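Open the model in your viewer and keep the selection tool ready.

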Amino acid sequence: MVNTEDKFQEIYEKYKNLVMKVVYNRTKDYHLAQDICQETFVKLYGYQDHIIMSRVKSWLLVVASNMAVDYLKKSSTRKELLADPGQAEISSATKEVAELDWEHMENRQICSKVLSALREKNESWYEVLILAEYLGVPRKVIAKKRGISLSTVDNYLRKSIRWIKTNFQEEYEEL
């Protein structure tokens, strides 16, 4: 667990450039990428006592990527960024994805599709599921940080898992 100022600073120094790269590849705006990177680490600071060290990198990348996507969805600059896709340069992230083996890519796409659909269905379910199941944050901590009861956290987890099974079980079984 991340539990000291020094450890937080160490994580920041280790991952700040990676987080910036991921966000910049999505937004193509350096200053926006800086803002989102900063917000990502502020969120990490809030959960630092409850995140498992082996999952910090993944947590940072998921949070930063989601924040960039949220900004693009809400922003009118999205139209400018996507105005001429024919002129877009292939990003290094796209090249890295192309190098992954097909099976890994397919599983990742399904996971991304499932999580995106869950997020659209219910943002609260999505956040609780990511925190509890993917990042390993204790349910009591989630309840306290979100200002909800432990039974509500459990309810969100059950509902999200049931919804995923109902809507994606068939697709998952095909793999």
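The crossing of H2 and H3 is right-handed: the near helix is turned clockwise from the far one by less than a right angle. This is a predicted model, where local features need pLDDT of at least 70, side-chain atom pairs count only at pLDDT 80 or more, and totals for chains, interfaces and linings use all residues. Residues are numbered from 1 along each chain as its sequence is written, and side-chain values use heavy atoms, without hydrogens and water.

Select residues 30–47 for H2 and 56–74 for H3. Helices are DSSP runs (H or I, at least four residues), numbered from the N terminus. The two axes come within 9 Å and cross at roughly 130°. Axes are lines fitted to C-alpha atoms over the stretch in contact, with angles from 0 to 180 degrees between N-to-C directions.

Now show side chains. Contact means heavy atoms within 4.5 Å. On H2, pick residues including Leu-32, Ile-36, Phe-41 and Tyr-47; on H3, partners include Trp-59, Val-63, Met-67 and Tyr-71. By class, this contact has 12 nonpolar, one polar and two charged residues. Ala, Val, Leu, Ile, Met, Phe, Trp, Tyr, Cys and Pro count as nonpolar, Asp, Glu, Lys and Arg as charged, and the others as polar.

Next, select Lys-43, Val-63, Asn-66, Tyr-126 and Glu-127. They lie nearest the centre of the second largest pocket, which is lined by 16 residues. A pocket is an open set of points on a 1 Å grid where a 1.4 Å probe fits, with protein on both sides within 12 Å along at least five of seven lines; lining residues have an atom within 4 Å of a point. H3 supplies the largest share of the lining, six residues.

Methods: Helices (H or I, at least four residues) and strands (E, at least two) are DSSP runs, numbered from the N terminus.
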